[in-house]
Amino acid sequence: MSKSFDVVVIGGGPGGYIAAIRAAQLGFTVACIDEWKNDKGGPAPGGTCTNVGCIPSKALLQSSEHYEHAGHAFAEHGIDVKGLSLNLGQMLKRKDTVVKQNNDGILYLFKKNKVSFFHGRGSFAQAAAGGYEIQVTGTASEVISAKHVVIATGSNARALPGAAFDEKLILSNTGALAIESVPKKLGVIGAGVIGLEMGSVWRRLGSEVTVLEALPTFLGAVDEQIAKEAHKLMSKQGLGINLGVKIGAITPSKKDVTVEYVDAAGAAHKAVFDKLIISIGRVPNTIGLNAEAVGLKLDERGFIAVDGDCKTSLPNVWAVGDVVRGPMLAHKAEEEGVAVAERIAGQHGHVNFNTIPWVIYTSPEIAWVGKTEQQLKAEGVAYKAGTFPFLANGRARALGDTSGMVKFLADAKSDEILGVHIVGPMASELISEAVVAMEFRASAEDIARICHAHPSLSEATKEAALAVDKRALNF
Ligand code: FAD
Ligand code: NAI
């Protein structure tokens with residue numbers, strides 16, 4: 001007799017493992033199948049996010065920022081550092097330790113919540129009476145049965161035609177997080193989130209970084225004023241950002257890789273890089289699911305087709321996270337995982353797409369929620385804007401990081417907050433206040449009337465809200 005479960009989750013990234021835990025909390029018998037292997041071949045649940053995404057990138061961003069501060073910022077604080085040197089091996093080892101702590105944490109959570117974990121690939125065997133049979137192929141092979149299936153198989157890096165990832169010279173995010181010696185010249189194709197975060201890491205560690213972006217605008221999805229400020233600050237730091245380029249042939253040799261491209265002015269270039277990161281977006285991963293066996297529908301871009309509730313074309317089969325439409329963000333995947341588990345339990349799981357925050361963990365950080373000014377203009381919405389620079393914030397001065405600003409966009413009539421955009425120190429933490437406010441449909445005045453601790457960066461948020469009515473106090 002095969003083992004049978006109320007809910008079987010395929011994929012143990014943030015979408016899958018969170019769905020499994022929430023389903024177990026709701027009283028279901030739950031299995032989670034994940035195939036990710038650590039360097040010893042053992043289980044490493046947590047998906048892209050934990051293994052080659054959010055967590056290791058933030059570990060390296062933190063370490064490289066410490067290195068840059070020790071080299072360039074400490075002196076101003078009266079701290080003289082002599083004999084500063086980089087131990088890249090230790091930096092990468094620490095990153096791997098942080099990843100393992102997260103892998104182990106998820107295995108512990110599975111035990112605590114009585115989720116049965118299967119290390120291997122899960123694929124549809126067939127529909128069976130009242131559910132589905134799922135083939136697990138790993139160290140052992142077995143078939144388990146499920147009343148409900150949640151697919152959370154994530155995404156993979158998109159390759160450029162003719163430039164397959166070898167993870168030695170041509171790197172996806174996986175290779176970009178594990179370069180063993182600092183490349184003298186690093187090329188990055190795509191000035192999106194990964195390109196800017198990974199470009200920042202290696203620039204801080206000493207690489208000369210050239211970023212090649214196809215679009216003529218920098219961070220087109222970001223509020224224009226914020227993107228412009230970020231562009232200025234990152235260029236000043238030495239990140240070589242080239243917009244509007246057309247990539248031609250990419251030719252790896254034994255030691256380096258040549259990229260031919262035409263710049264925005266039409267001039268042809270041949271650049272030679274020691275390493276090349278390609279970060280031009282990600283594609284949904286349905287490899288090995290055997291979706292055809294049960295007739296699961298994909299959309300025209302290869303995502304699993306789902307409705308607003310994450311229901312697929314098949315009864316009792318759900319899909320969440322990067323493998324379905326919407327932003328490819330860990331917290332979006334988690335919210336969908338929770339909502340699906342609750343819907344399976346007959347509850348009203350809910351994900352508010354209007355209040356999903358975005359963060360780019362460069363220095364300064366960029367974070368936003370809601371509409372940009374260009375979106376509001378395009379939609380013909382009458383709005384008021386208020387900005388406040390960190391230059392006028394006491395805590396930012398004390399920190400020694402006064403770059404950037406907070407910007408509020410509020411409805412011209414009702415004053416409801418429509419968007420909040422931040423470029424500056426700790427933007428990733430500051431944005432939470434805006435998310436809460438928008439979730440409660442607060443007005444800019446609500447934030448302006450709340451007492452914020454002094455001195456704190458969050459005072460810049462209050463001041464930007466005050467600035468919506470042209471009554472900022474400190475600027
Ligand atoms: P994944 O995390 O991709 O997990 C899918 C899991 O399913 C994997 O473990 C995979 O091995 C497994 N799997 C696939 N097929 C099968 C199968 N058939 N059987 C068994 N297992 C299977 N997002 C943020 O919100 N914040 C960040 O700071 C951030 N930083 C990022 C940095 C980088 C470099 C990258 C690449 C991404 C980053 N992201 C970030 C995006 C984030 O990683 C993804 O949005 C998130 O991981 C999606 O979660 P998921 O559960 O849908 O899929
Ligand atoms: P992205 O979509 O953020 O950026 C890709 C960039 O590549 C775009 O600017 C695009 O115009 C450009 N591009 C596409 N084709 C090109 C070509 N042929 N030549 C030159 N440029 C080209 O994708 P990225 O950076 O790969 O990241 C994938 C996703 O992972 C992100 O969209 C995000 O959802 C997630 N992520 C989130 C992070 C966070 O939340 N902090 C961090 C890293 C990734």
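**Figure 1. Domain 1 and domain 3 of the predicted model, whose C-alpha centres lie 31 Å apart.** The contact between these two domains draws seven residues from domain 1 and six residues from domain 3. About 560 Å² is buried between domain 1 and domain 3, and carbon and sulfur atoms give 63% of this area. The assignment divides the protein into domain 1 (3-157 + 283-351), domain 2 (170-280) and domain 3 (357-467).

**Figure 2. Polar contacts of ligand 1 in the predicted model with Gly15, Asp322 and Leu329.** An oxygen atom of ligand 1 lies 2.9 Å from a polar backbone atom of Gly15. At Asp322 the side chain takes part: one of its N or O atoms is 2.8 Å from an oxygen atom of the ligand.

**Figure 3. The shell of 38 residues around ligand 1.** Asp34, Thr48, Lys58, Gly122 and Asp322 come nearest to the ligand. By class, the shell comprises 14 nonpolar, 18 polar and six charged residues.

**Figure 4. Secondary-structure elements that give two or more residues to the shell around ligand 1.** The helices in this group are H1 (14-25), H2 (47-52), H3 (54-73) and H8 (330-344). Strand E2 (30-34) and strand E3 (115-128) complete the group. Helix H2 gives the most to the shell, with four residues.

**Figure 5. The cis peptide bond between Ser363 and Pro364.** Omega is about 0° for this bond. Pro364 is placed in the loop between strand E17 (358-360) and strand E18 (365-370). Most peptide bonds are trans.

**Figure 6. The cis peptide bond between His454 and Pro455.** Here omega is about -10°. The loop that holds Pro455 runs between helix H12 (444-448) and helix H13 (458-467).

**Figure 7. Cys310, a residue other than glycine with a positive phi.** The phi value of Cys310 is near 70°. Most residues other than glycine have a negative phi. Cys310 belongs to the loop between strand E15 (282-284) and strand E16 (317-319).

How values were computed:
Residues numbered from 1 in each chain as written. Chains lettered and ligands numbered in written order. Predicted model: local features only at pLDDT ≥ 70, side-chain atom pairs only at ≥ 80, totals over all residues. Heavy atoms only, no water. Near = heavy atom within 4 Å. Polar contact = N/O pair within 3.5 Å; in protein donor to acceptor, adjacent residues only side chain to side chain. Nonpolar A, V, L, I, M, F, W, Y, C, P; charged D, E, K, R; others polar. Domains from an automatic or database assignment. Contact = heavy atoms within 4.5 Å. Buried area = accessible area lost by both parts, 1.4 Å probe.
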